[in-house]
Amino acid sequence: MVLWLTGLPGSGKTALADRLYEYLSGKGLKVARLDGDVLRATFPETGFTREERIRHVRRAGELAAKSEKDRAIVIASLISPHREARSYARSICESFVEIYVKASLATCEKRDPKGLYKKARRGEIKNFTGIDDPYEEPEKPDIVIPTDELTLDQSFELLREFVDRRLKNAESGM
Ligand SMILES: Nc1ncnc2c1ncn2[C@@H]1O[C@H](COP(=O)(O)OP(=O)(O)OP(=O)(O)O)[C@@H](O)[C@H]1O
Ligand SMILES: [Mg+2]
């Protein structure tokens, strides 16, 4: 199964993915993590044009599909702003679960965990998702986690319950 977290910068993807990783690996499950920032550090030539972002997300999809075949539960956390690229990832994975980590731009900008919104507003970075680059919301996500209405603990609880249900269903072949 591939648990794919998508959302604006600062929406809480990495925070939730890290907790989910701890939770699932704590249960003795084989879990693989795939994070946009880590993948970009591995392939630092990746830029932020539409084409480069799509390639980046497709590449993440390929890696996710590979780990899924190796029978790992994959937790992928990437902005993945383009529907086209997410749907490609869905198409090559066996069981792709789209998790929309949803927070308003105002909330994400207020959190600004990496200080990037500030830089984008100052014009120091161009093509920043949510500011001067698009984020295409999921049309039919499997679940929405409204992180601007919940605390981190509450958001994680919602995600954990959902994932536990999915795992139970998968076990019973539903
Ligand atoms: N309900 C919530 N759910 C998730 N994170 C929350 C919540 N409330 C506050 N936060 C905080 O918001 C921040 C989200 O940052 P995080 O790095 O997880 O975002 P991200 O979606 O991975 O962004 P990026 O795309 O830039 O990597 C964290 O500091 C987290 O603690
Ligand atoms: Mg992140």
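At roughly what angle do the axes of helix α3 and helix α4 cross?

1. Ground rules: this is a predicted model, where local features need pLDDT of at least 70, side-chain atom pairs count only at pLDDT 80 or more, and totals for chains, interfaces and linings use all residues. Residues are numbered from 1 along each chain as its sequence is written, with chains lettered from A and ligands numbered from 1 in the order in which they are written.

2. On to the helices. The axes of α3 (residues 50–69) and α4 (residues 83–92) cross at roughly 15° and come within 9 Å. That makes the two roughly parallel (an angle under 35 degrees). Axes here are lines fitted to C-alpha atoms, for helices over the stretch in contact, with angles from 0 to 180 degrees between N-to-C directions. Helices are DSSP runs of H or I, at least four residues, and strands are runs of E, at least two, numbered from the N terminus.

3. The sheet is open, with five strands in the order β2-β3-β1-β4-β5 and parallel pairing (pairing takes at least two DSSP bridges). β2 (31–35) and β5 stand at the edges with a single partner strand each, so one side of each has no neighbour in the sheet.

4. Have a look at I145 in β5 (residues 143–146). I145 is buried, with 24 other C-beta atoms within 10 Å (the cut-off is 20 or more, with C-beta atoms placed from the backbone). The C-alpha atoms of I145 and K102 are separated by 5.8 Å, though 43 residues apart along the chain.

Methods: Buried ≥ 20, exposed ≤ 12 C-beta atoms within 10 Å, placed from the backbone. Parallel < 35°, antiparallel > 145°, perpendicular 65-115°, else oblique.
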